[in-house]
Amino acid sequence: MENVIEVKNVSKKFCKNIKRLMMYGLMDVVRGIINLPTHAERLRRDEFWALRNVSFDVKKGESVGFIGLNGSGKSSLLKLINGIFLPDVGEIMVQGKTGALIEAGVGFHPSLTGRENIYLNGTILGMKKKEIDERFSDIVSFAEIKEFLDTPVKNYSSGMVVRLGFSIAVHSAPDILLIDEILAVGDLAFQKKCFEKIKSLRRENNVTIVFVSHDMDNILRICDRCILLDRGKVKMIGEADRVVSAYLT
């Protein structure tokens, strides 16, 4: 099977100090303009590696989980795959349309209604207005927000925002679906509904799933393989049950 995600020797660093972050950013822009190196491969004061020399592939139709302790780099890696961040070192190839549920409210405007945000977020995910029109009823029905459809999203609970975000993502006809731990915000009934939808997307459309979670039962429920991260580095890659067992022991 073909690879739809390839991560090659990727490293990503962040800065703990906002003032230094802004200064470094300006310095890097200037150095880039005058064709000088930007020091991407070394740390400067107050910087740290969130990810270091990470490499792996994901094949079409696979479901792969990222696991590890808080701060291990799972969410940063997901954001790199989604294009929210760019790697400082290395390359990432993503082949296909991506739907993502990474942070509650990302892609939503708080002052706009749920109805308006369906069109806004759907457009961000690459849907045309005609596609959104055709799938609008299904999005609303799955999200279970019909009663609050014309209410500003800023008045939604976190669970409602997650329901709407997930519904838009899965109805955007993605080739690759990226999901962070955020699903844990929803109630148990909706979580079950989400996992059934994920299974149907894989079964009927061969959608590739990349899933970040601290819940090992959920990882084992939907993932074929796992990638265990430890302080920004890949510690283990393999079949989900084997990697989860190693992580828990």
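**Exercise 1.** Find which helices the buried residues of α4 pack against.

*Solution.* This is a predicted model, so work from its predicted coordinates.
- Step 1: list the buried residues of α4, which are Ile132, Arg135, Phe136, Ile139, Val140, Phe142 and Ala143.
- Step 2: look at what lies against them. The buried residues of α4 pack against α3 (114-124), α5 and α6.
- Step 3: recall that an α-helix has 3.6 residues a turn, so residues three or four places apart point the same way.

**Exercise 2.** Locate the kink in α4 and say what follows the helix end.

*Solution.* 
- Step 1: follow α4 to Arg135, where a kink of about 55° is centred. Arg135 is also among the buried residues of this helix.
- Step 2: go on past the end of the helix. Just after α4, Glu144 has a positive phi of about 60°.

**Exercise 3.** Describe the largest nonpolar core and the elements that build it.

*Solution.* 
- Step 1: The largest nonpolar core has 46 residues, and Ile118, Leu164, Phe166 and Leu177 touch the most other members.
- Step 2: name the contributors. At least two residues each come from α4 (129-143), α5 (158-170), β6 (176-179), α6 (188-205), β7 (208-212), α7 (216-222), β8 (225-230) and α8 (240-248). The largest share, 8 residues, is supplied by α5.
- Step 3: check for a separate core. Another one, of 22 residues, lies apart from it and includes Leu51, Val54, Leu77 and Leu229.
- Step 4: zoom in on Phe166. Beyond its neighbours within four places in sequence, Phe166 contacts Leu101, Phe142, Ile179, Leu183, Cys194, Lys197 and Ile198. One of these, Phe142, is a buried residue of α4.

**Exercise 4.** Is Val30 of the nonpolar surface patch buried, partly exposed or exposed?

*Solution.* 
- Step 1: Val30 lies in helix α1.
- Step 2: find the patch. Leu26, Val29, Val30, Ile33, Ile34 and Leu36 make a nonpolar surface patch of about 580 Å².

**Exercise 5.** Where do Asp46 and Asn53, two non-glycine residues with positive phi, lie?

*Solution.* 
- Step 1: Asp46, with phi near 70°, lies in the loop between α1 (18-33) and β2 (47-59). Asp46 counts as partly exposed because its relative accessibility is 29%.
- Step 2: Asn53, with phi near 55°, is found in strand β2.

Terms used. Residues are numbered from 1 along each chain as its sequence is written. This is a predicted model: local features need pLDDT of at least 70, side-chain atom pairs count only at pLDDT 80 or more; totals for chains, interfaces and linings use all residues. Side-chain values use heavy atoms; hydrogens and water are left out. Helices (H or I, at least four residues) and strands (E, at least two) are DSSP runs, numbered from the N terminus. Buried means under 20% relative accessible area, exposed over 50%, partly exposed in between (1.4 Å probe, protein chains only). A nonpolar core is a set of buried Ala, Val, Leu, Ile, Met, Phe, Trp, Tyr and Cys residues joined through side-chain atoms within 4.5 Å. Contact means heavy atoms within 4.5 Å. The bend at a residue is the angle between axes fitted to the seven residues ending there and the seven starting there. Patches are made of residues with over 30% relative accessible area and no salt bridge: like charges are joined within 9 Å, nonpolar side chains (Val, Leu, Ile, Met, Phe, Trp, Tyr) within 5 Å. Accessible areas come from the Shrake-Rupley method with a 1.4 Å probe; for residues, only the protein chains shown count as cover. A salt bridge is a side-chain nitrogen of Lys or Arg within 4 Å of a carboxyl oxygen of Asp or Glu.
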